[in-house]
Amino acid sequence: MTIRIGAHVDQTDPVAEALARGTTLVQHFLGDPQGYKGPEVHYAGGAAALRAAAEEAGVDLYVHAPYIVNVATTNNRIRIPSRKLLQQHVDAAAEIGAKGLIVHGGHVNKGDDPATGFDNWRKAIQATDLKVPVLIENTAGGDNAMARRLDRIEALWAAVQEADGAENVGFCLDTCHAWAGGIPLAEAAERIHEITGRIDLVHANDSRDAFDSGADRHTSFGTGQIDPDELAAVVRAAGAPVICETPGGPEEHRADFAWLRERL
């Protein structure tokens, strides 16, 4: 099996970024990853032109939702704008022909019942017109996170399956987040497959910090604390397209692709 490997790139011209890396898939933001302003297409010709350019070049685009999206929280001042932002990014991702929108699992506040957060996810999926697949990503830190540990991921997935539109919800497995979040990589892909029945995308990243540290700090392959063979094994077991969210530009990403391919 040949696994496709791409990278997270600048959003100005993701097609050119893909070609510079010799790949056919890239991930990028649409607008400010830390703001509620809403999606913006920075590509010179707008959404339709980016879609056409990507199709012509044979490049698959994935969009990462803003980090601030948290549809699980009990805080209305965050949850309600998050749901609005989720729909806006689904719409914008559809306009550029993206293959999926990656969204972090979010968290509830200290003292809140996690079940409320899981149900808020169900409500969000129910309320969103999923024109492209929404891929829920496991996260690295926080005791109140919805998608850090396997038991929470299992409960989150069960809740989401109750929503209309659940067939358009997938999973993105981040290797750095799994490691830093305390999920043993030797079993990560197998357990996620058991829970969700699918892994749609892999974020392949080494981790600067220790196992179960809760620290979300990506680093280039072979420079972090994840055993190289374990990292390659979880990517292989996931069997999904790969996005490297590692530092650097085309040259560094090509080196990361080569490092990973050697071990797959």
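**A guided reading of the predicted barrel and its pocket**

Visitor: What makes the space of about 280 Å³ a pocket?
Guide: The largest pocket of this predicted model holds about 280 Å³ of space. On a 1 Å grid over the protein atoms alone, a pocket is an open set of points with protein on both sides within 12 Å along at least five of seven lines; its volume is the space filled by probe spheres set on the points.

Visitor: Which residues line the largest pocket nearest its centre?
Guide: Lining residues have an atom within 4 Å of a point. There are 14 of them, and Y67, H104, G106, H107 and T139 lie nearest the centre.

Visitor: How do you know that strand 1 and strand 2 pair?
Guide: Pairing requires that DSSP find at least two bridges between two strands, a strand being a DSSP run of E with at least two residues, numbered from the N terminus. Strands 1 and 2 run parallel and are joined by 2 bridges, so they pair. A7 stands opposite V26 in strand 2.

Visitor: What is the strand order of the closed barrel?
Guide: Its 8 strands run 1-2-3-4-5-6-7-10, with parallel pairing. Strand 5 (residues 134–137) and strand 6 (residues 169–174) are joined by 4 bridges, with L135 opposite G170.

Visitor: Why are L25, V26, Q27 and H28 called buried?
Guide: Buried means under 20% relative accessible area (1.4 Å probe, protein chains only), and all of these residues in strand 2 are buried. L25 and Q27 point one way, V26 and H28 the other.

Guide: Residues are numbered from 1 along each chain as its sequence is written, and side-chain values use heavy atoms, leaving out hydrogens and water. In this predicted model, local features need pLDDT of at least 70 and side-chain atom pairs count only at pLDDT 80 or more, while totals for chains, interfaces and linings use all residues.

Definitions and conventions
On a 1 Å grid over the protein atoms alone, a cavity is a set of points where a 1.4 Å probe fits but cannot get out, and a pocket is an open set with protein on both sides within 12 Å along at least five of seven lines; lining residues have an atom within 4 Å of a point. Buried means under 20% relative accessible area, exposed over 50%, partly exposed in between (1.4 Å probe, protein chains only).
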